[in-house]
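Look through the model below one part at a time.

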Amino acid sequence: MASELDVAYVAQLARLRLTADETKLFQKQLGDVLKYAEKLKEVNVEGVEAAAHAVPMFNVFREDNARDWFTATEALSNAPRKANNLFIVTKVVE
Amino acid sequence: MTKLDLPALNIVELRNLLRQREVSPGETLQALEERINAVDPKIGAYLVHDLAAATAEAEKADVTLPLGGIPIAIKDLINVEGQQCTCASKILRGYRAPYSATVIEKLRAQGAIPFGRMNMDEFAMGSSTENSSAQVTRNPWDLSRVPGGSSGGSAAALAADIAFGALGTDTGGSIRQPAALSGIVGFKPSYGRVSRFGLVAFASSFDQIGPLTKTVHDSALLMNAIAGHDSRDSTSLNALVPDYTANLGRDLKGIRIGLPKEYMIEGVDPVVKSAVMAAVKQLESLGAEIVEVSLPHTDYAISVYYILATAEASANLARFDGVRYGHRAEKVSTLFEHYARTRAEGFGAEVKRRIILGTYVLSSGYYDAYYLRAQKVRELIRQDFVRAFEKVEALVSPTSPGPAFKLGEKTTDPLQMYLADVFTNAANLAGICGISLPCGFAESENGKKLPIGLQLLGKALNEARIFQIAHAYEQSTDWHKARPAFEPIAA
């Protein structure tokens, strides 16, 4: 399994630009980690339910009540770029 | 004692002086500030601390409250309104929290004063605090060694007597391991016991906020303040919170404690092993009955943890997109480049590594082989603990296979760093509670004492029993009274 990891491809999926050196280094290091994790193949998991959480939890509901939260100014207080009380994003459509 | 000696006190001792009006909250902060200025340049535990803001809070402090006037240091990933919250990452440099976490509101409701932002591994990913983008934190017991991580700033500050108590977070051992390596007490609550609202998420099904303190009693006091249901965190449990100090001082007669046979592995430092076995004897002499138990899936815990935690992290860290907050790359020509460069410039190496691994195990074609399989083995590990806790009330083990390692010793080999989490990861997979407390010392080649941590694990929501056992052990030994010998820069 480990040899199938293509760090350059996964980096695209993760929206992360890596240098050639980083790509090479991670390929080796994560290859080692995945090789170690191959021992999971030994475990018989037939009929075992996948645990998404450590504590059995089901849907948690609350009343759909409005409450005070951030003002636009507060929500924008950490924005790297903003204008007219809005976030500025990079152009999506040409 | 003089005011300069105040920072050596634990919370219970300081509280007594504050209540008797022997010292004021403002004087306490002043003494703490002086010691931080004298000591922290050597340690590097604090990223920032704001004496003026804390003093304003201290002037209004009600010392009759359970934590009235006590300064508490906060790991730099828990939001305190108006203060920085960078997760020791470049991507959040300059970020100011627009609101406070529930744990901060709860601490303040009991009179405590959040004071200082503590160094950590970037986004809590690491076991040595070396992944901080901001600064190095050194172990007060030996300045050439790591304090552990990821809550290394919090742990080192307590060991160096530059904090009275601190909050950290534990996703795979990040409270317990630095507590062990720094010779203090670190407590990981059961999953859901403490609200995560206002905590920057790393791996949401593992993360828990918990206290780092000088004593078990202090730990129980902080848990009294921060535990409890919160409607703003849908994973917080609606369960009764007992008084965690109520059992302190009770003996251990009739309490069964398990020694997991799978934890007697090779690769544990012999000095650590003998210290833990001596602690087991001590627990027995205090009335506990020691029985061998089995956790058959122990050998898989690290693999499961690093698959699931990185998967969750890769999803959680997708929010750092350079739009709403944080670093944003300049002069980009496409949206893809905007994201890819923002994240490349903002994240450090370990965070990138984990995002890649997490994205990979969730990606099409590999999801079943890695992520789904790991979730199933997680369930088997959880069941191991459920079965063990049918026979015993606590499990005992080392916290870490060795004492503090040298700065730089493991940074080039992530797998070796991950393997050091062997005793702590499983508790997060199973959602149970655990504590690390001092149980002895190893000695470095240059003659420095290096603390050893004893881990006690308890059934989910059975925190009170763990505090009882830990307190009985602590009070029958002198380990917690030892302090590192290093010279402050100026008196």
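In this predicted model, B:A179 counts as buried because 38 other C-beta atoms lie within 10 Å of its own, and the cut-off for buried is 20 or more. B:A179 is part of helix α6 of chain B, which covers residues 176-182. Leaving out residues up to four places away in sequence, B:A179 touches B:A155, B:I184, B:V185, B:G186, B:L212, B:S436 and B:G453. B:G149 is 30 residues away from B:A179 along the chain, and the C-alpha atoms of the two are 8.7 Å apart.

In soluble globular proteins, nonpolar side chains tend to be buried together. Here the largest nonpolar core contains 174 residues, and B:I72, B:I78, B:A157, B:V304, B:I307 and B:I356 have the most contacts inside it. Helix α9 of chain B (residues 301-316) supplies the largest share of this core, ten residues. Apart from neighbours within four places in sequence, B:I307 is in contact with B:V361, B:Y370, B:Y371 and B:A374, and also with A:A37 of the other chain.

Where do the two chains meet? Contacts join 45 residues of chain A to 56 residues of chain B. On the chain A side, α1 (7-13) and α2 (20-37) each supply at least two residues, and α2(A) gives the largest share, eight residues. By type, the chain A residues that touch chain B are 31 nonpolar, five polar and nine charged.

Last comes confidence. Chain A has a mean pLDDT of 91, with 97% of its residues at 70 or more. Within chain A, confidence is highest in α1(A), at 97, and lowest in helix α3 (residues 72-75), at a mean of 93.

Conventions. Residues are numbered from 1 along each chain as its sequence is written. Chains are lettered from A and ligands numbered from 1 in the order in which they are written. This is a predicted model: local features need pLDDT of at least 70, side-chain atom pairs count only at pLDDT 80 or more; totals for chains, interfaces and linings use all residues. Two residues are in contact if their C-beta atoms, placed from the backbone, lie within 7 Å. Helices (H or I, at least four residues) and strands (E, at least two) are DSSP runs, numbered from the N terminus. Ala, Val, Leu, Ile, Met, Phe, Trp, Tyr, Cys and Pro count as nonpolar, Asp, Glu, Lys and Arg as charged, and the others, Gly among them, as polar. A nonpolar core is a set of buried Ala, Val, Leu, Ile, Met, Phe, Trp, Tyr and Cys residues joined through C-beta atoms within 7 Å. A residue is buried if 20 or more other C-beta atoms lie within 10 Å of its own, exposed if 12 or fewer, and partly exposed in between; C-beta atoms are placed from the backbone. pLDDT is the predictor's confidence in each residue, from 0 to 100.
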